[in-house]
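The sequence and structure come next.

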Amino acid sequence: MTAWVQTTIDGLLDGGSYAMVGLGLSLTFGSLRRLNLAYGATAMLAAYIGAWLHARAQAPIWLVVIAMVLSATVIGWYVERLCFAGTHENGSLPQAAPVAGTDGREVVALASSFAVWMQLEQLAVNLLPRHLNPFPSLAASSEWTLGELLIRPDRLLVMVLAAALTLGLAAWLERSRTGLAWRAAADHRTAAHLVGMPVARLQTLAFSAACALSGVAAFAVLSIDAQVTPMFGMWVLLKGLVAAMLGGLGSIRGVLWGGLLLGVVEAHAQTLLGAQGREFATYALLFVVLTGPWWRGDRAWSGGLRA
Amino acid sequence: MSDRIHSASAAASGVNGTLAQAMRDALCHLPGVGSAAGVHAVGLASDMAIMSLLALSAYLMLLVGRVSFGQQAFFGLGAYASGVMSAMFHAPLGLALAAGAAFGALCSWLIALPTLRLSGLHYAVATLAFGEMARVGLSAWHWQIPGEDGPVGPAGIDGFRDIRWLLENNVAPIEYLVLTLLVLLFVLGLLMQTERLRLGVGLRMIGQDDTLAAAQGIAVERVRLFAAAISGGLAALGGGLYAHRTTYIEPAVFDPMLGVHAVGYALLGGLGTAFGPLLGVALDLGLLDASRLLPGWRMVIFGGLVALFLRWRPRGLLDEALVHRLASHWRHLRSGRRTPSVSLPATRRTP
Amino acid sequence: MLEITDLATSYGKIEALKGVSLSAKAGEVTCLLGPNGAGKSTLMLTLAGILKPQRGSVTFEGEQLVGKTPAEIVARGMALVPENRLVFPALTVRENLAAGAYKRRDAAGIRDDIDAMFSRFPRLRERTAQLAGTLSGGEQQMLAVARALMSRPRLLLMDEPSVGLAPLVVAEIFTIIRQLHAEGVSIFLVEQNANMALKVAQHFYLMEQGRVSFSGTPGELADDDVIQRAYLGHKRGPSPDAAART
């Protein structure tokens with residue numbers, strides 16, 4: 001019984017990382033109804049910049065954090081301008097450049113964000129060509145004990161941070177004027193124009209904020225591992241995508257539950273089926289959630305940004 | 001020489017070259033054809049033909065309006081299936097390839113049943129999930145039977161070695177290249193022919209607007225399922241060709257990066273014609289080759305160019321508009337007239 | 001108040017507005033009639049800044065509006081109640097109203113205005129926390145009008161507010177238009193329902209195939225034979241055939 005609880009706790013703590021990593025992705029998708037394939041690479045390049053500063057310039061940790069968040073934001077701005085900004089004209093009416101096919105523009109954004117993903121990953125690897133690169137470590141040296149249970153305080157901190165960021169962002173979206181504007185612009189572009197919202201600017205801001213969040217998430221996760229590898233980009237994208245999707249793409253609170261659920265399922269799958277079973281379970285869970293009869297495709301696809 | 005190729009390309013392609021790296025390994029496994037440059041050219045051409053099949057399978061799904069990030073799974077399943085047939089059951093190459101293709105088609109059809117009703121993005125993620133499930137499944141699959149030089153068969157994460165049908169039957173790389181090209185040509189012919197039939201038009205209609213297509217009497221779901229099956233078969237066929245070319249396959253090669261690349265080639269090359277994906281493959285692999293001068297910057301430049309380019313031509317290079325224009329120019333050239341303009345009958349004269 | 005001169009807007013190669021000139025006076029209800037496809041909605045969207053015209057000018061209280069973003073146009077006191085309502089379906093009624101007041105910064109004033117909207121539109125008060133996408137057509141129309149009013153516009157543009165609504169609801173809408181007019185809000189109204197429009201508007205334009213083909217008072221509109229038959233469904237006097245036979 002204790003073992004089961006321990007596994008669940010471990011899963012929840014890992015889930016915090018997943019939620020944090022998925023937060024930016026869900027925000028982007030909710031705001032733009034587009035999947036940003038370059039999301040993981042953005043976090044990775046920011047992480048590599050941080051690692052470089054740490055290893056080559058002996059930068060202190062606070063500087064690494066700031067540099068990562070700033071570079072993620074700047075990179076995000078670049079990605080948005082290049083891949084997503086032009087996919088909507090001012091107003092979504094026939095006067096805008098028509099691309100055949102209902103998903104035409106979404107597919108184009110997908111393709112160009114994929115191209116930028118390749119670009120950013122290679123830039124990162126050029127910066128630090130080795131496979132294993134040291135990263136500033138905030139890992140805990142010991143575990144807390146709670147009766148018979150062991151809890152790693154660093155992972156707990158990440159989970160708490162994830163919850164704080166998620167719930168904080170959700171509350172801000174619900175209560176603030178700008179939060180309302182983000183949600184309105186995501187809900188109906190033309191109507192948002194009509195009430196005077198600067199839609200393009202709002203969406204650029206939301207996108208940049210999402211990437212800044214990815215920088216924070218990257219730091220939090222990597223500071224526990226104390227190293228970063230070229231696989232990080234793909235890891236961020238995949239875990240973030242699963243967490244966001246489980247909670248409903250575009251739902252901010254949903255990312256938290258999705259991440260936690262993913263963590264718990266993975267932890268138990270590992271116990272029962274080993275490392276490969278764990279990996280399999282991640283994707284099987286996603287597949288089942290997506291294709292099951294309970295998937296209310298209409299509601300989920302209506303997209304938009306929901307707190 | 002092979003070491004230098006390995007390390008240079010490993011540095012150049014970095015993380016996004018798992019398949020490229022494997023292809024480079026393959027270049028060094030097969031016996032040479034005279035000069036090193038000859039080996040290289042033959043190898044590159046074979047790689048491009050094989051990748052084209054995978055890109056065509058992604059293209060077919062794009063035609064019916066679905067972005068699939070899971071085609072690499074059928075590529076891998078086809079590779080393993082045909083490898084099993086030829087290396088473990090000693091089937092001739094043709095049968096092995098056909099069996100692999102059939103298996104891929106079946107798997108694709110089965111997966112399509114629950115997933116095709118999902119909207120674009122959710123479908124893409126579902127296929128991505130399936131792709132990873134297949135890869136992890138293959139990593140856990142052990143099945144070995146005794147062979148001449150030891151056990152033969154899939155060894156989980158260590159892959160499947162000794163798919164040596166080509167070596168055992170003394171097929172030179174250039175002969176294999178010709179075979180691969182013939183297969184590709186055959187597939188292209190089939191696809192181009194389909195475009196002229198009602199089926200081809202129907203496929204494109206479904207991709208543009210499936211509600212409208214249904215209103216025209218097209219059985220949208222069935223045609224989509226059919227397209228999914230064919231695309232799975234194409235990918236698996238490419239996988240079978242790949243397995244025999246490299247003689248060694250491992251699950252790590254069949255990762256999402258491969259599938260996303262396939263979609264990228266189709267989108268970049270253009271969705272107007274089956275030659276589009278080939279163009280995309282040629283551009284990327286050709287550039288990979290040419291830019292050995294600039295190791296480490298290929299993707300930085302190429303990626304940026306692609307993203308810029310897509311803003312200007314969202315349907316790729318050979319998009320439907322261009323294909324239409326080229327086709328009408330071709331028709332007028334053949335009939336000896338220039339592009340006609342609206343004109344009154346020449347015989348009208350004012351009295 | 002509003003002067004439109006030779007306005008032309010195209011969709012690609014299709015010219016929807018072929019050089020429209022008209023004006024709306026302050027304090028009046030000006031109505032633009034016309035059949036489907038005449039270009040009325042194109043005109044409204046151009047005025048709101050959603051569409052960019054190829055040529056022409058729009059002056060509002062002396063200021064040129066062509067080239068301004070929709071946000072700037074709302075800031076200058078012109079708000080559009082669009083065709084098809086275009087409410088925010090995933091936001092609540094209250095949030096829709098708050099969104100309408102986006103350009104304003106006076107939180108207390110916004111709150112008061114929301115309460116005022118609920119007084120004017122009691123059915124919305126019953127549904128304040130309901131998602132706007134789940135409202136009926138008539139309720140969405142009320143919401144769209146209320147949302148536009150939240151920005152305290154000096155000129156309210158209304159694009160076919162009565163289309164698709166039951167007659168009782170249509171009557172409610174036009175009552176509200178009359179109320180707003182009485183309160184001093186200038187209204188530029190696009191309508192197909194000429195009969196109702198005759199009861200509220202002070203000046204009429206008729207638009208056909210991208211051009212203005214008639215300008216006049218309600219009396220002149222009612223007197224015109226062609227318009228009578230085409231848009232008002234009346235026949236005045238004996239038909240030409242009957243006259244020829246006698």
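## Chain A as a whole

In this predicted model, 58% of the 307 residues in chain A are buried. Chain A contains eleven helices and four strands. Its radius of gyration is 20 Å, close to the 19 Å given by the globule rule for 307 residues, so chain A is as compact as a globular protein of that length.

The C-alpha trace of chain A spans about 65 × 50 × 35 Å along its principal axes. Taking the contacts in chain A between residues at least 6 apart in sequence, 78% join residues at least 24 apart.

## Helices H1 and H10 of chain A

Two packed helices are described by the angle between their axes and by the distance between those axes. Helix H1 of chain A covers residues 2-32, and helix H10 of chain A covers residues 252-291. Their axes come within 6 Å and cross at roughly 140°. H1(A) and H10(A) are therefore oblique to each other, and their crossing is right-handed.

By residue type, the contact of H1(A) with H10(A) divides into twelve nonpolar, twelve polar and three charged residues.

## Helices H2 and H9 of chain A

Helix H2 (residues 39-56) and helix H9 (residues 232-246), both of chain A, pack with their axes 7 Å apart, at an angle of about 135°. An angle over 145 degrees would count as roughly antiparallel, and one of 65 to 115 as roughly perpendicular; the angle here makes H2(A) oblique to H9(A). H2(A) passes H9(A) in a right-handed crossing.

Which residues of H2(A) meet H9(A)? On the H2(A) side they are A:Tyr39, A:Gly40, A:Ala41, A:Ala43, A:Met44 and A:Ala47. On the H9(A) side, the residues met are A:Phe232, A:Gly233, A:Met234, A:Val236, A:Leu237 and A:Gly240. The residues of this contact between H2(A) and H9(A) divide into nine nonpolar, three polar and no charged.

## Contact between chains C and A

How many residues of chain C are in contact with chain A? There are 24 on chain C, in contact with 20 residues of chain A. On the side of chain C that touches chain A, helix H2 (70-75) and helix H3 (93-100) of chain C each supply at least two residues.

The residues on that side of chain C comprise 19 nonpolar, two polar and three charged.

Notes
Residues numbered from 1 in each chain as written. Chains lettered and ligands numbered in written order. Predicted model: local features only at pLDDT ≥ 70, side-chain atom pairs only at ≥ 80, totals over all residues. Axes fitted to C-alpha atoms, helices over the stretch in contact; angles between N-to-C directions. Parallel < 35°, antiparallel > 145°, perpendicular 65-115°, else oblique. Left-handed = near helix turned anticlockwise from the far one by under 90°. Contact = placed C-beta atoms within 7 Å. Nonpolar A, V, L, I, M, F, W, Y, C, P; charged D, E, K, R; others polar. Rg over C-alpha atoms; globule rule 2.2 N^0.38 Å. Buried ≥ 20, exposed ≤ 12 C-beta atoms within 10 Å, placed from the backbone.
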